[in-house]
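Subject: Structure handover

Hello,

Here is the structure I said I would pass on. My notes on what was found in it follow below.

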Amino acid sequence: MPSRADVQAVKAALSAQAVETASWAYANSGTRFKVFAQPGVPRTPREKLDDAAQVHRCTGAAPTVALHIPWDKVDDYAALAKHAEERGLRLGAINSNVFQDDDYRLGSVCHPDAAVRRKALDHLLECVDIMDATGSRDLKLWFADGTNYPGQDDIRARQDRLAEALAVVYERLGEGQRMLLEYKLFEPAFYATDVPDWGTAYAHCLRLGDGAQVVVDTGHHAPGTNIEFIVALLLREGRLGGFDFNSRFYADDDLMVGAADPFQLFRIMYEVVRGGGLGPKTAFMLDQCHNIEPKIPAIIRSVMNVQEATAKALLVDRPALEAAQLSGDVLAANAALMDAYATDVRPLLAEVREEQGIDPDPIAAYRRSGWAQKIVEERVGGAQAGWGA
Ligand code: PSV
Ligand code: MN
């Protein structure tokens with residue numbers, strides 16, 4: 001067990017931890033088979049922020065909200081940022097969307113037609129304009145680009161087109177702004193994806209400069225991939241920009257983070273702690289869909305799952321672990337990790353919340369708040385927000 005002083009340090013780190021929630025997770029979502037609409041779902045970006053404020057109120061750990069453009073397109077982004085601020089929130093990463101127009105059938109910035117590439121690039125630049133208005137630090141880029149059939153397009157030429165577009169966007173970034181490049185193994189492209197893995201993303205980022213960083217979406221790997229190894233390596237290279245947290249059983253399932261494999265989440269968070277990544281330089285974002293479960297409590301649960309994995313990672317007895325590793329004591333080293341993982345950290349997190357002046361039980365606090373009933377009663381009429389697929 002850690003000493004009293006250590007417990008204070010663990011609590012301070014937990015209390016400072018922030019998890020960014022995704023605006024689209026408050027909206028309707030589904031699979032390609034069906035979107036199940038839920039009553040009370042937001043109709044506007046402002047209503048998404050109203051819901052996000054409830055998550056922050058109950059957890060004390062979700063102060064920023066990521067936007068996805070054009071799903072969150074508004075006329076006045078500064079006014080949207082003010083709406084957030086009035087609710088104790090800030091606007092977070094701006095996520096670009098170059099995957100939902102008919103023009104993008106063969107890709108966006110990697111498309112063989114220069115006119116389509118230009119259109120995609122203009123959208124990415126527009127996203128940087130939006131960052132200027134919202135005060136967002138991070139531009140998150142995910143490209144659905146790829147090919148379905150061998151020979152469909154030139155794999156190497158597509159990399160050249162990608163590099164060209166990234167260089168223009170990188171050049172446009174302002175002081176303190178970053179570009180986060182997200183990779184994904186497959187889907188929607190089924191033969192070759194243009195940014196399929198961390199290595200491809202890293203190679204592009206390296207050419208651009210320190211403000212280009214890799215984002216690890218935990219659902220974007222082949223089964224069995226050792227994600228914590230990727231995290232350790234990117235942190236060592238100073239290129240881990242952040243996470244899109246979610247969990248998967250099969251492909252990109254976008255289930256609640258920590259639901260499918262809480263041990264994997266712990267292992268990831270251990271490497272974050274070990275690599276000095278538990279600070280604002282790493283964007284801890286959720287990228288999830290709540291297709292069948294109520295959205296706000298699912299997001300609260302997700303924030304708590306990240307906090308619990310982080311608490312366990314912070315509780316690893318690192319001197320004991322290092323001594324065991326250096327002496328080649330395999331079992332003792334493994335036990336040092338497993339002891340921390342087996343610790344019930346819920347009482348510790350309840351104490352952290354009490355010290356922050358919030359309810360020790362965020363889910364119960366949300367249930368008691370009456371917010372779920374209020375939005376069902378009030379949000380009648382209008383078109384519910386969704387991710388438009
Ligand atoms: C792609 O699957 C992805 O993870 C990207 O982050 C997109 O922007 C997001 O999903 C949309 O939900
Ligand atoms: Mn993602």
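S247 sits in the loop that runs between strand 9 and helix 8. The model is a predicted one. S247 has a relative accessible area of 8%, and because anything under 20% counts as buried, S247 is buried. Its side chain comes to 3.3 Å from the backbone nitrogen of A260. Leaving out residues up to four places away in sequence, S247 touches D253, D254, L255, M256, V257, G258, A259 and A260.

D252 is placed in the loop between strand 9 (240-245) and helix 8 (262-274). With a relative accessible area of 19%, D252 falls under the 20% limit and is therefore buried. The side chains of D252 and H220 are joined by a polar contact of 3.2 Å. Again without residues up to four places away in sequence, D252 touches K184, E187, D217, G219 and H220.

One residue in that list, D217, also belongs to the metal site. The manganese ion (ligand 2) is coordinated by E182 (OE), D217 (OD), D244 (OD) and D287 (OD), at 2.1 to 2.2 Å. E182 lies in strand 6, while D287 is in the loop between strand 10 (283-286) and helix 9 (295-314), so this pair ties together parts that are 105 residues apart in sequence. Both E182 and D287 are buried. Along the chain, the donors of the manganese ion (ligand 2) are spaced as E-x34-D-x26-D-x42-D. What is the arrangement of the 6 donor atoms around the manganese ion (ligand 2)? The arrangement is octahedral, because the angles that these donor atoms subtend run from 72 to 164°.

Helix 4 covers residues 114-134, which is 21 residues. From its first C-alpha to its last, helix 4 reaches 30 Å, close to the 30 Å expected at 1.5 Å a residue. At its N-terminal end, helix 4 is capped by D113, with a side-chain oxygen 2.8 Å from the backbone nitrogen of A115. Just after helix 4 comes G135, with a positive phi of about 80°. The buried residues in helix 4 are V116, A120, L121, H123, L124, L125, C127, V128, I130, M131 and T134. They are covered by elements including helix 3 (77-86), strand 3 (90-95), strand 4 (138-142), helix 5 (155-172) and strand 6 (178-182).

Helix 5 has 18 residues, which at 1.5 Å a residue should span 26 Å; its end C-alpha atoms are 26 Å apart, so the two values agree. The buried residues of helix 5 are R158, R161, L162, A165, L166, V169 and Y170. These residues cover an arc of only 165° around the axis, which means that they lie on the same side of helix 5. Which exposed residues does the face turned away from the buried side of helix 5 carry? That face carries R156, E164 and E171. On the buried side, the residues of helix 5 pack against helix 4, strand 4, strand 5 (146-147), strand 6, helix 6 (198-208) and strand 8 (212-217). The N-terminal end of helix 5 is capped by D154, whose side-chain oxygen lies 3.2 Å from the backbone nitrogen of R156.

Regards

Methods: Residues are numbered from 1 along each chain as its sequence is written. Chains are lettered from A and ligands numbered from 1 in the order in which they are written. This is a predicted model: local features need pLDDT of at least 70, side-chain atom pairs count only at pLDDT 80 or more; totals for chains, interfaces and linings use all residues. Side-chain values use heavy atoms; hydrogens and water are left out. Helices (H or I, at least four residues) and strands (E, at least two) are DSSP runs, numbered from the N terminus. The expected span of a helix is 1.5 Å times one less than its number of residues. Buried means under 20% relative accessible area, exposed over 50%, partly exposed in between (1.4 Å probe, protein chains only). Contact means heavy atoms within 4.5 Å. A polar contact is a pair of N or O atoms within 3.5 Å; within protein, one must be able to donate a hydrogen and the other to accept it, and residues adjacent in sequence count only if both atoms are side-chain atoms. The arc is that of the directions from the helix axis to the C-beta atoms. Donors are N, O and S atoms within 2.8 Å of the metal (3.2 Å for Na, K and Ca); water is not among the atoms, so sites may look incomplete. Four donors count as tetrahedral if all angles lie between 85 and 135 degrees; four count as square planar and six as octahedral if opposite donors are over 155 degrees apart and all others between 65 and 115; anything else is irregular.
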